Structure formats: C-alpha cells, structure tokens
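Please look at the sequence and the structure first.

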Amino acid sequence: MWRRLKRHWPFGCSATQHEITTGCTPPKRSCGQEADQKPSISDLVSIWGEDELLQLTQFFRDRLEQAAEDGVAGLSSMLKEQRRFSAEEHLKLTDLAEKGKRKECSKEFLDLVMKKGSWARKVMWESFVKMPNKSPKLDKILKEIQELGPGVFECMNNAQELPQLPSELKDLQRKHKEILRAETETLKMETVLEEGKGFKLADRYRELTVVSSLRDRRLVEPELMARGRDHEEWREKHLREELEKLRTDQLFRSGFSLSRITIGSSAGLFGVPGIGKTTMVQKIVYDWATGKIFQHFQFVFSFTFRDLNKIKDKISLKELILGQYRYLENTLVEVWKNPEVLLFVFDGLDEFKDRIDFTDRRRNTRPQQVCTDPERWYDVSDIVYSLIQHKLLPGCSVLVTTRPTALHLLEKAEISVWAEILGFAGEHRKEYFNRYFEDESVGAAVFKHVQENEILYTMSYNPSYCSMINESLGPIDIKRDNKWCCTPNTITQTYSHYIYNILKNHGREIENPNDVFQMIGNMAFAGVSEKKVVFTADDLIKYDLKPSQFLSGLLMELLEREDSARSVVYTFPHLTIQEFVAALAQFLRSDPSDIKKILTEAQLEEDGRFELFLRFLVGLSYNRSPWLLEEFMGPFPDQTARQVNDWVREEIKRQIGNTARESGKRKLLNTLQYVTESQDGKLAQATLGSAETLSFSELPLTPIDCAVLSHAIVLCDAIKHLDMESCYIRHEGLQRLGPGLQKCQELGLGRNQLGDSGVKLLSEAVMKPGCQIQTLRLVMNDLTDYCAEDLVSILTSSCTLKELDLSDNALGDSGVKVLSKALKNPNCKILKLRLRANGLTAACAADLSSALAANQWLEELELGNNDLQDAGVRLLSAALTNPESKIRTLDLCCNGLTASSAKDLAFAVGRKFSLTELNLGDNELGDSAAKLVSAVTTESDHKIKTLWLFKTGLTDSCTGDLVSILSTMPSLMYVNLKYNSFTDRSIPSLRRLIINHQNLKCIGLEGNQFSSDGRNQLKSLQKSRPGLSVEL
C-alpha cells in the first residue's frame, strides 16, 4: 500500500530533496494504493507495458527533451547496441551532439524513439535507468515517477474530465474573453522620450525563459554578482544542468506539476524587478482570451495588488470581481458553481500594503481570517489568502506573481508549482531589439553594439533594461537620418547618451543642471562606496536634493515592503546608472588634482564595487564620450582627462608585469577595459604594444573576455606576442577575437579546442590585408583533416606567416597530403612547420617528400611522435638530398625507426649541409646511430649544433666511435644521450669528450646505468669551464 505523503514548503528544513528540486509538493490524497514498500524505478519500468510507457513518454516529452540534451550520444549508443537504432541513425545523432546542437539532437532522438515504436521506448526508459551519470533533470523525473509508482497514471488522468461550459454561459464567456482581449492586446510603455507609447502585445512580446523550480540561493547569488564575462555562461550552464525550462501553458496540468496534477492548484511566478512579470501576466490573459492556452479554464479573473491597495474597507469576493467585471452581476453565482474551471491571477504581491500570513499564527495583531463564503465580507488579504489556500472556492486555480524579496510571505502557502522568470535568452534578445523599432535595421544595429559591450549584454536579459538601452541608442539613428557616425562604441558613450536624453527632456526645468547633477552624483558615489542602492528622503535632504520632474526622470520611486508601514525610497533604474552618475560627478568636480587619489583608492578595493565606476571615469577622459553632455554641463576639464590617462598608463604597465598568477592575468584583463573606454590609440600602443608578451595562458576566457581583449588590441599598431594557451576560448571566443588577431606578430592559441571551424576563422583573419601574424601556434586544438584546405589557405595567402605549429592534433595522412600542396606552392613562405603527434604514417610520406623536394623556404620540420617507420623515413630521406632544400632542423623522434633506416638517413643527412639540429631520439636505432652520425662528419661543411640521441638503445660498444665522431664536430653545442645503456665503462670516453670539446655547452646523460661514483665523476666536470652543464 502506498504511504500518504506530507506536504512541505521548498525552503523548509524538513522538506525532502524531491520537493526542493522540483518545486512541486506531493498530493494530499494518494493517487494509487498504499503499500509497505515502494518498488524501484527499475522494477516499474520492467513491468510496465507498451501503453504505459507510451503515456509516460508523451506526458514527460518536453522535460525529457531538456533532460537528455547532454546524454544523447550515450543513450543512442545503448539503443544501437539493442538494435533499435541503425548505425546511420546513431551517427547522425552523435554528429549533431559533436556540433553542439544539443536541443536539435535531443528532439531528433525522441522523435526517432517514438517513430521506432514500443520496443524502442522500452529500451529508452531502461537506458534512462541504467545511465551511470544521469543529468540532474533526468534524475528528478525518475524520482518523481518512483515516488508515485503505479499511481502515476491515475495522477496523469485525474484532470481529464472537467465540467462542460453550460450553454447559457457561452455568450457570457465570449463577451468576457472579448473584453479581456481588448484590455490586454496593447502593451503600454512609459519611456524617457515618449509618454504612454503603445504597441501590439503580439508584435512586441518576446518569449522569456522560465524555469520550473525555485532556485537554491546558492544559485541565485552568483548570478546577481555576475557581470558580462560570467553572466550568460552561468545561465546557460545551469539551464543545461539542473534548471528545467517551462512554458507558461505548463503552469497548470503539466508534467512540471505531476504530484499536484489534481484540479485546483496554485502557482507562484517570481522574478527580479523589470524581468517581465506583469507583461507575462498580460500575455497569459491575452492568450487565454484568444483561445491559445488554458482552455480548460472557463473564466479567468485578473487583479493587481497595486489596485487592491486602494480598497480600504472589507469586501466580498463577489464585489471584488464585479468591481472589474460588472457585466457578470446576474450570472456570477452560476460561474463559480464549478470552481475547478476558474483561474484567479494576482500580480505583484511585493507591492501589497498588507501582509498575508500563511503560517496561521498572527497577522497585523489579529488572527488570520479564513474566508469560505464568496458573498461574505472580509479584508482583501483574507480573500487572497483563502483562495490560495483552497479554502474559498476550493478547486479553483490561482497564479501569484512577486519579486524575490516577498517570497518569504508565501513560505507556508499551498503553492503547487514554482516558476522563476530568468528573462531573455539567446536569440530572443536579438528578436526583441529587432522588433523594437519600425525599421528592423535600427534594432539590428543597436543589438550589434550591445553584443560588443559586456555590461550592456549582461543587462539585456532583462526586458526593462533592453528598453532603456533602446531608448538611449535608437534616437541617435532616428534623429540623425540613419547616420551611425555618432553611435556609442563604449559603455561610457552609451550611458552618456542615456543621460543626455533625460537632460534633453527635463533639463529646461532646472536652472543649473551641472549643480543638480553634482548633488545626485555625490549621493550616487557615496552609495557605490558603501554598496548602497536604496536612498531615503533623508539621503536626498543630506545632498540638498528635492524631488522634482527632473529627478523622477532619473530616479524611480519604489514601494519597499515593510511589515506594517508604507515608506518612500529612491533608487536608480539600475546599479550601472548609479555608477555612471557617480563617475560623472567625480570627473566634473572643481579640483582635478584629486582625481588620481580617487582612482588609486578605488582600484585598491578588491571586492569589485568600483570596477565599472573606474571604467566610466576613464571613458569620460575621451573627448568623444561626453560631448553631448557639454550642451548642459559645459566643457569637461582637460586637466582631469590628462590625469586620468597618466594613471591608466601607469596601471597597465604595472599589471602587465604581474601576470605570473591567474589573479594577475584577470586583473590585467579588467584593466584592458580602461583602454577600450579611453579609445586612445597612443595610450594602447605605449602600454600594450611595447610589452614583450601579453600573457593570459591558463586563464579561462569567455567570449565576452575575448571581445574585451580584441577591442584593446585593435587600438594598437602591433602586439609582439599574445599568449592565449589553454584559455578554453573555443569557436565563439575566437570569433570575438577576430579583429584583434591581425595585430599580433606572435599568436599562441594552443590547447583551446578550437576545432576545424576555428581554423576557418583564422584563415579569414590571415587573408585580410594588414595581417601581421608571423608565428601561429595551434597545438592540441582537435584539428582533423577537415580543416586541411583552410590550413592551405593560411599557408599560401599570408605574406607574413613564418612559423606554424600544428602539433598534437589529428590531421592524419589525409590532412598532411592536402597540406603538402601548400608546401609546393611558391606563395608559401613558411620557415618552421611542426606536425608532431598527428597520427602520420608512411602513407603520407610520398606526398610530403614531394613537397619538401619542391620547397625552397622551409628551415624547420618537426615530425616527431608519429608512426612514419623505416619505410616513411626512406621516402623523406630522398627529398632531403635536394640541394635546394634549406632544412636546418629535422625532428624524427619517436617514429618507430630501426637500424634498417640508418643507412638511408645517413646518406641524406650526410649531404644536408644546412642541418644544424637533428632529433632521432626515442627510436630503436641501437649502436647504428653512431654510424649515422659519422656520415655528418664526412663533410667539413656540416654545422650541427644540437643532436638528440636519447632513448635510442646506445650501449658501451659504440661509445668510443661515437665520442670520436662528436669530437670532430666543432659546431656541436648540445648533445642529448639520456636514457640509453651506458655504464661506467663509457665514462673515460665521455670525460674526454666533455673536457676536450671546448664549444660543448650541455650534454644530457640522465637515465643511463652509471654508478654513484661514476655520476659524481661526470658531474664534477661542470667546473672545468664556465657555462658547461652536465645533466645527470
């Protein structure tokens, strides 16, 4: 028998993990039979038949698509093993997954399962259970199903049979819908530029991301702190993992409220200010009125707590409804005869003047009243309480919206589903901007600028902030005949335009805008310093301010919730606006000599409170940023601008020299934003361009970070060396770096998982006029033969590229065969090519040999850690004999070579007079290596400086010959004989070589079989002359 499950609030300490993660509470009445022990999910799946699994799949379809996004490859593999999927179908799914098309891949997977029929569904559910590392979303679904057991199907079917609308109410419902449609079809917007501007809701509304559970505060707080570089990545990560997306039509009777699928439920919808709660409520009512959603509700009644505040006396639910819907007067009793088909919507709980206490203790010094009769008179708070708690019109559904600050009021409420609005995501941001203006090209241009600014892009998840940004940037285009010459390119310029628009509309109402703005700015600066964003009337008085039309245009008056009183407070529309106003006031202060002190003290704060404030201060030093504001505030002081620029120059130089640790690299990246804000090319070149290396290696960089870096580099004439090894930048990050890459002479992009698509982007950058890249490192970037043609373009199109490192990739024989075409091209001027560890075999040797024979530029060729073997090296050896070849460095280490290839190598090397470095290490050459080296000495023109013979199987038998040969090589400076089989018998010969070869700088002998005394003898020779190193 199934046990009755208790109900708990998600935040409560006694709540189960199931309740916390789902945001749904178990039912008061069980949906199945009671049992002493619940079967496991594995048992349930095994006993359920075709019909049950079909119903389960259909019911959970939307959630399964989300839950499977990161696991389709594994699931598909399981179905392929069970012969439910073909190899071609599996390959298609894995290809989509590898390309990062997770949503498309998951949908395709479930479509395929449904198409394949009952056995495929059986295997899929069994695979869900067996998956070793389930996603949190999938684990949540399985736990919900197990919690209800066989009763899950009764719960899914509970709400199928609802009362039909009586014929005498059909005309009334039609009228009700028509009135609601007319009330909600227009979206009113109050803006700085226009009052009461209206739009068609259907045209302007863009989908908002909603998640189905109440997030743990550990998830909420990092997002609130995140800016630019972290924000979007944070959201995408958690949406992909534990947060389940929810459509508004799933708030009631959906797979997201399985355990409360019974009729009569309450839903809580919450989100931060400006996120779109009220607009979403308007859209829900509009969609119901137009027949798009919630058609199982016969009547919807919508109220705002702001309007409910106007009701001073007691009232009945009947009068409350009739106050808005008078035409229901004669039929209201009939309407609420079936409460299960009614939906009540209450918007803005955080604005309600009374407190609703769901703990049943005390509220406003008296017990909470329970209202059960819709015609009896109660306080408004009692009516709302009783509807949510299903005491009044039990069976009806209720939707409540609130800001997070009022969530504690609903702690013990009978809320079945919790949903949070996260705002715009992905393409919906772009759609909003495109549709904001009649001319979509204006919206597209505005969005482009938003994308390039991490603060604006962070803000653009919030519809209210999007509107502010559009009001700031849009008029530039509209009022200047579509000429974007004056479009803001920095954050500072954007906010200058926003403030200018306010001043343009309100500036005439005050005598001296500069003085008033200085007062507001001083208050704003104090707030930034103290981490204060809410200001009282006393704060305004302290800074000699009085509320006025100008102030109301800049500040918003808010109702902040207190237990029993209503208080008026002031806050800037957004913290970033407060930071800008603070910076503006400090820049305009009468004594410019104080500005360096302000900058230095602000920079010392480690918690980031002054990060954007500093950027604004630096941005205001660029004469283009504040020029619009000069119309109201007069000229901006040149002396202050010079002081700011001097400080930036000193700060950047200091940060460049402090990048040994990750924290130093992050600080440098943040400091580079000052360069972007200053838009000063001379400053950029004097700081960044003069540095030997800009190092960000092993610092994870988001696409926004890459954009910041690119913006700073673009201002320079050239960058000597940009090191971005192991920065995890991937394709999108590289795309953002694009414009800056061309300015780099040496570019390190190794270990970044750029993939083949990344090489395509690089080829586009290299082919652009003015590209200065001379050295390009792409080590370990998941490159395959698919990018070979793009590599050919790079090699043959660049006039400057001299060094290309492609080591530790997977180009394979087919890739190198294509690459060989570039080496034959006379336009290819590459000097150094590294192809270590690329899976090469003898199959590509003929093409590579042909290319080397024709190439007259290549000086260094690294082919180590491949599998060319003797057959491949024989082919390469033939090319090396070409007198036109200029190979100076040849690396063939770890290629499976044996003594049989020594003769061919000796012949080739003996005639390669240009050779200065030869690496044959980690090959089974044995003592024949000594004979190979002897070929080098037969010609007096040889200038070998570095010789690698480590781990080649050398023994004492060849020591005498080898030392004799090496002694006749006057140019030799470094020889590596490590990890061979030399014993103390070889020490006299080795001592002779070390003592007599005056040009030898270093000899490697580590890993041989010397005794302790023998090692000491050799080590003591280091003292025989300065600069000599004997490595043991």
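Are α36 and α37 roughly parallel or roughly antiparallel to each other? The axes of the two helices cross at roughly 15° and come within 10 Å, so α36 and α37 are roughly parallel (an angle under 35 degrees). Axes here are lines fitted to C-alpha atoms, for helices over the stretch in contact, and angles run from 0 to 180 degrees between N-to-C directions. The α36/α37 crossing is right-handed.

This is a predicted model, in which local features need pLDDT of at least 70 and side-chain atom pairs count only at pLDDT 80 or more, while totals for chains, interfaces and linings use all residues. Residues are numbered from 1 along each chain, and side-chain values use heavy atoms, without hydrogens and water.

| Helix | Residues | Residues in the contact |
|---|---|---|
| α36 | 730-741 | H731, L734, Q735, L741 |
| α37 | 755-766 | S757, G758, L761, L762 |

Contact means heavy atoms within 4.5 Å.

Elsewhere, an open sheet with mixed pairing is formed by 6 strands in the order β3-β10-β4-β9-β6-β5. Two strands pair if DSSP finds at least two bridges between them. β3 (209-211) and β5 (299-304) each have a single partner strand, so one side of each is left without a neighbour in the sheet. From one strand to the next, the twist averages 20°. Within the sheet, β6 (342-347) and β9 (397-402) pair in the parallel sense over 4 bridges, and F344 stands opposite V398 in β9. Helix α17 (317-324) packs on the sheet and touches β5 and β6.

Notes
Angles under 35 degrees count as roughly parallel, over 145 as roughly antiparallel, 65 to 115 as roughly perpendicular and the rest as oblique. A crossing is left-handed if the near helix is turned anticlockwise from the far one by less than a right angle, and right-handed if clockwise.
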